[in-house]
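Here are a few notes for when you have the model open. I'd go through them with the viewer alongside.

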Amino acid sequence: MSTKVFTMIGVVVLLAIALLYPLGAHKDYKSLSSQLTSAQIMHNPQRPLPSFSLIDQNSQKFNNDSLKDKWSLLLFIYTHCPDVCPTELANMAMLKAHLESQNSAVIPNIVAITFDPLRDTPEVLKTYVTHFDKTFVGVSGDMQQIDQLVKSLGAYYERVVYDDEGKSVTLKKHEPLPEDAIDKGYIINHTARIYLISPDGQVLAGFPTPHKVNDMAGDIKLLTQTFEE
């Protein structure tokens with residue numbers, strides 16, 4: 001998929017998010033929004049994350065409670081991604097190192113949920129995400145459970161397979177993979193927004209691309225301080 005098309009999709013996603021996640025009434029997020037460099041407020045206590053149950057890289061249950069009592073940065077990835085996903089995980093490793101070097105009061109956990117649980121088993125994810133940082137958490141599980149999170153966060157993906165002549169074919173939403181898809185290989189086009197999850201287990205803000213470490217670090221400081229006031 002071309003960059004232009006994905007840019008158009010990004011604009012649509014941003015408009016949808018604005019409707020789904022209006023500014024929270026009990027915090028001065030409107031004033032805060034003008035101070036943010038890259039983050040966009042998504043907080044809406046009237047639209048909490050849906051209940052979900054997945055499994056982490058150690059084959060332990062990962063659900064809504066797993067996001068509570070801590071700050072987290074959540075992103076969607078897949079391990080066969082040729083460029084975007086490894087770049088984003090490398091950025092998250094640099095962000096974590098930057099926050100640590102600044103002795104930041106809040107250093108969010110990094111949670112990477114796969115778009116591709118068929119190939120990204122817990123074992124595969126563990127090897128992949130911990131290559132970037134040993135504390136990163138990879139999450140897999142049921143595709144329907146993942147899809148509801150993708151939808152609730154305004155993310156987007158599409159799977160591209162190859163026919164017998166080697167031509168790429170974009171599958172329709174929820175269309176099953178062909179039986180020979182793993183043998184032939186397939187890719188997943190997707191958005192790359194990163195989500196800041198607050199200690200109450202709800203989305204507070206989103207970081208669209210590009211993800212610049214210094215900008216994200218500054219916004220995380222502002223967001224977490226305002227939330228905890």
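1. Start at one end of the sheet. Keep in mind that this is a predicted model. Strand E11 (residues 203–207) pairs with E1 through two bridges, in the antiparallel sense. Look for Ile41, which sits opposite Ala205 in E11.

2. Now zoom out. The open sheet has eight strands with mixed pairing, in the order E1-E11-E10-E4-E5-E6-E2-E3. Strand E1 (40–41) and strand E3 (61–63) are its edges, each pairing on one side only.

3. Two helices are worth a look here. Helix H5 (residues 143–152) packs on the sheet, where it touches strand E2 (53–56), strand E4 (72–77), strand E5 (109–114) and strand E6 (137–140). The direction of H5 makes about 105 degrees with that of E2. Helix H7 (residues 213–228) lies across E1, E4, strand E10 (194–197) and E11, and runs at about 165 degrees to E11.

4. H7 has 16 residues and spans 22 Å from first C-alpha to last, close to the 22 Å expected at 1.5 Å a residue. Its buried residues include Val213, Met216, Ile220, Leu223 and Phe227. Residues three or four places apart in an α-helix point the same way, because there are 3.6 residues a turn.

5. Which residues touch the most other members of the largest nonpolar core? They are Phe76 and Leu223, in a core of 60 residues. Beyond its neighbours within four places in sequence, Leu223 contacts Leu32, Leu36, Ala39, Ile41, Trp71, Leu196, Leu204, Ala205 and Phe207. That list takes us back to Ile41 and Ala205, the pair that stand opposite each other.

Note on methods: Residues are numbered from 1 along each chain as its sequence is written. This is a predicted model: local features need pLDDT of at least 70, side-chain atom pairs count only at pLDDT 80 or more; totals for chains, interfaces and linings use all residues. Side-chain values use heavy atoms; hydrogens and water are left out. Two strands pair if DSSP finds at least two bridges between them. Helices (H or I, at least four residues) and strands (E, at least two) are DSSP runs, numbered from the N terminus. Contact means heavy atoms within 4.5 Å. Axes are lines fitted to C-alpha atoms, for helices over the stretch in contact, and angles run from 0 to 180 degrees between N-to-C directions. The expected span of a helix is 1.5 Å times one less than its number of residues. Buried means under 20% relative accessible area, exposed over 50%, partly exposed in between (1.4 Å probe, protein chains only). A nonpolar core is a set of buried Ala, Val, Leu, Ile, Met, Phe, Trp, Tyr and Cys residues joined through side-chain atoms within 4.5 Å.
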